[in-house]
Amino acid sequence: MKRKRVESAAEDLSQLQRRIAALLQKQSLAVLSTQGAEGPYASLVAFAESPDLKHLLFATTRSTRKYKNLSRNPRAALLIDNRSNRVSDFVRAMAVTAIGEARELAGQEREAQCTLYLTKHPRLREFVSSPSCALFCVRVDTYLSVSRFQNVQELHIKA
Amino acid sequence: MNYVVPLAEIGHELSARAGGKARALARMLQHGSTVPAGVCILTDVYHEYVRRTGLQTSILMALNRRNLTGARWEELWDTALNIRALFRKTPLPADLQSQLARALAPHVAGRAVAVRSSSPGEDDARSSFAGLHASYLNVVGMDAVIDRVREVWASLWSDGALLYRRELKLDVVKSAMAVVIQELLAGEKSGVAFGMNPNDPEQSVIEAVHGLNQGLVDGTLEPDRWILERSSGRVLSHAPAARSQVVVLTAQGVQVAPLPPALREKAPLSAREVHRVYGAVCDMERLFDAPQDVEWTWCGKQMHLLQSRPITTVSSDDPEDRRSWYLSLRRSFENLKVLRKKIETIHIPALIEEARVLSQMDFTELSDAALDAECRRRADLYVKWHRIYWDCFIPFAHGMRLFGIAYNETVQPSDPFEFVELLAYADLETHARHRLLEAMAARVRADAALGRCLAGGQGGDADFQASLTRFHKQYGGLLAIGSGPVSGPDPVVRLVLEMAKGPPRAAVEATANRKTLAERFLAHYGGGKRREAEELLDLARASYRLRDDDNIYMGRIKGELLRAQTALQQRRPGAAGTPKQALDDIERLDALKNPTRGKTVRPASVRESASFRMDTRQVVGQPAGPGIATGAARVIEKVSDLADFKAGEILVCDAVDPNMTFVIPLAAGIVERRGGMLIHGAIIAREYGLPCVTGVPEATHIIRTADRVTVDGYLGIVIIGEAALREKLLGLRGG
């Protein structure tokens, strides 16, 4: 029964931070949830994380439904997980939900963050550089980490 | 189906898929030994079954409900019971079932067989773990055989196997079990032979009983024992057994019966036969190139070898490794009956009497030195009773498990813990204690003036005082000690006042369901077997009752020790034996009772920094009492914390000791770090119909007193800081 000890109920803050950071670094896609006039909406996005975990970046063209939704309501959630579609997912997979507020970046700030984003997703250079593409930054308030099926820890980021 | 192979045809290339036992039997047959004919169901069938039915996922989830590292044996037992129920509930896919039945038909039709485990894991580990996996004798009919095959597969995940999961390299995806189906021999005498005595390499040992060797292997029957010189086979000694019972075949399975008088005087083996057995074990040692442990049986003049495996005892250099001790707790029915008698007729009366005598001692008559000596004497007594607790009371708890196994095998309930319902609602000492407290609370409810008087720190009337004194005397006054010199109101009075604020609460009455369940269980047995089943149920109830009562009685001794320590401290403040030190000493002893307790105590972890804060929102344990409850947490770290307990709070603790259960009738729910379905917390929760979750890792560290907590006793989940769940679940039964 080889099993990595993925989490312990008594883990401390730095362990939880490290565990979340490791997942974010390893995964490249997240499910983005937005709220539109017709209700909730989910889409898959390529994301990048700031080293301090406080911000998540993703890119989208301005003609998309998610762009429209975020323009109306900037609250957003991103789900990042490491499931592998195997039996073991039920106990080994970890999922993190990041909840926060998204805003479109512009000017120098966009340039700076774009570098960070492209470090993780070099193949998206052309896409992000397109005038029709928006780069969003989500300021995260809370991460919810779910592991071993039902163990839930929250990481709150102070304002 | 190519997955059912005659034993004689198993060659080296099939070793890994046929398992250790089948491979050894094949070699014995090829060598020319007399071995009952049979076939092996290769591990491929196990793999196909668990994959196609989704069992693999279910096993994985059952194993990961909690971190098994550091889990106590009892928790592993629960896990194994759950997994076994999964196998029992999951039939083979129809096509697999019919293929297997077709392949087995020539070997099963019209005859009784033995269905035995053959684990590749044991083989890989190059050691034999006798008795970790299941085997069944005298199985008749195809359906029964396939049911037993599933039980043998399930035993890949038995409690014993889980204890040795690292050595066995247990892995949900990779591990598998093969099964040997062999012709059954109605042996007249049977036994085991050790080519090399594990305790003396110069000797060989032969053990034999009349009838089948089942009784010898599981420890029910004491065998005749011969010690031989290993090099020559010369008999050095023969120790005859009492020889009163014999294991015989019944219509399905086996049964313990009285041994016919003619055989009682007769050793199972003649000198010639002892020599034949010795010859066989030497032969097996040559064949397998290592000293062997051989099982054999005689039919008429013919000796048959049932199995041979290398002698390797599972041992560990780690003194903390208690695994073989845990396995030794698996007692047979006969063994438990003897133990029960000893406990009920000797130990418990002596324990009660000891406490009574101690409670009558008036310390004012003692000099300081004599009182000091008395404290020491009482500490020694406590240690003595601790030893008896370990040696007798704890092993007797296995009575519940033995019954659980029998109940699940005969009734096959969907809930593997249904059997607990039949044991619960005993007249526990806890209830007697609660009734005393409740009577005092009833007086306060009826008499507001008395309540005000008590709350103001006055003693109440003579009648109330008498009840209070009786309570302290009877139950050790543990609460009073923990809170130090009496300054505020008596902690028992505080508890009574708190109880009086709410309506009376009594233990749940035994339900009609309980009787139905008992009848349903007993209906499976006819004739003499029924009486045996009734005896087993009675034994299990005694075991359940004792699980709680023994601690109450032990608590009295502990209370008496503390009473002496307090008296000494009052005379010589600051001297040795202050209540603080006394509590520390007892903590140390009690930590022995629950060995993992001390180890998990660690300083509160850092949960906040300048930019971040973490909260544990939800943790998973094991469901141990159905229902949903939400309330403020009361984290109990020491006995004196109990005095602050308020009605409607959730009791959060490391391990519920029966001496802490004063407050349970006030609680809305229970959360316990220690896991298991048969632990005190779970037992008492059921008695009072409280939602209970056990096996919550680090419960007392992640939950703080006053945190709002929801206990989901259906799923075994604890939600911290979320009040809404109960409202969402309206319509569900719960507290």
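**Notes on the predicted model**

1. Over all chains, the structure holds 13 aromatic pairs. A pair here means that rings of Phe, Tyr or Trp (its six-membered ring) have centres within 6.5 Å; planes under 30 degrees apart are called stacked, over 60 edge-to-face, and the rest tilted. Tyr46(B) and Trp153(B) make an edge-to-face pair, because their ring centres are 6.0 Å apart and their planes stand at 80 degrees. Tyr46(B) belongs to helix 2 (residues 43–53) of chain B and Trp153(B) to helix 7 (residues 142–154) of chain B, so the pair ties together parts 107 residues apart in sequence. Helices (H or I, at least four residues) and strands (E, at least two) are DSSP runs numbered from the N terminus. Both Tyr46(B) and Trp153(B) are buried, where buried is under 20% relative accessible area, exposed is over 50% and partly exposed is in between (1.4 Å probe, protein chains only).

2. On the basis of the numbers: this is a predicted model, in which local features need pLDDT of at least 70 and side-chain atom pairs count only at pLDDT 80 or more, while totals for chains, interfaces and linings use all residues. Residues are numbered from 1 along each chain as its sequence is written, chains are lettered from A and ligands numbered from 1 in the order in which they are written, and side-chain values use heavy atoms, with hydrogens and water left out.

3. Which helices of chain B does the pair Phe403(B) and Phe521(B) tie together? Phe403(B) lies in helix 15 (residues 398–411) of chain B and Phe521(B) in helix 22 (residues 512–522) of chain B, so the link spans 118 residues of sequence. The pair is edge-to-face, at 5.0 Å centre to centre with 75 degrees between the planes. Phe403(B) and Phe521(B) are buried.

4. Asn408(B) is buried, with a relative accessible area of 3%. Not counting residues up to four places away in sequence, Asn408(B) touches Leu81(B), Arg88(B), Pro413(B), Pro416(B) and Phe419(B); contact means heavy atoms within 4.5 Å. The C-alpha atoms of Asn408(B) and Arg84(B) are separated by 9.4 Å, although the two are 324 residues apart along the chain.

5. The charged end of Lys120(A) is 4.1 Å from the centre of the Phe47(A) ring. Lys189(B) lies over the face of Trp298(B), 5.7 Å from the ring centre.

6. Chain B has an open sheet of 5 strands in the order 1-2-5-3-4, with antiparallel pairing; strands pair if DSSP finds at least two bridges between them. Strand 1 (4–6) and strand 4 (135–140) of chain B are at the edges with a single partner strand each, so one side of each has no neighbour in the sheet. Strand 2 (residues 38–41) and strand 5 (residues 178–183) of chain B run antiparallel and are joined by 4 bridges. Cys40(B) stands opposite Val180(B) in strand 5 of chain B.

7. The secondary structure of chain A comes to 5 helices and 7 strands. Strand 4 (residues 75–81) and strand 5 (residues 94–104) of chain A pair in the antiparallel sense over 7 bridges, and Leu78(A) has Ala98(A) as its bridge partner in strand 5 of chain A. Strand 5 of chain A also pairs with strand 6 (residues 133–147) of chain A, antiparallel and over 11 bridges. There, the bridge partner of Ala95(A) is Val146(A) in strand 6 of chain A.

8. On confidence: pLDDT is the predictor's confidence in each residue, from 0 to 100. Chain A averages 91, and 94% of the residues score at least 70. Residues 1–7 of chain A are below 50, and this stretch has 21 contacts in the model beyond near neighbours in sequence. For chain B the mean pLDDT is 84, with 87% of its residues at 70 or more. Residues 595–602 of chain B are below 50, with 16 contacts beyond near neighbours in sequence. Residues 723–735 of chain B stay under 50.

Technical notes: Lys NZ or Arg CZ within 6 Å of the ring centre and 35° of its normal.
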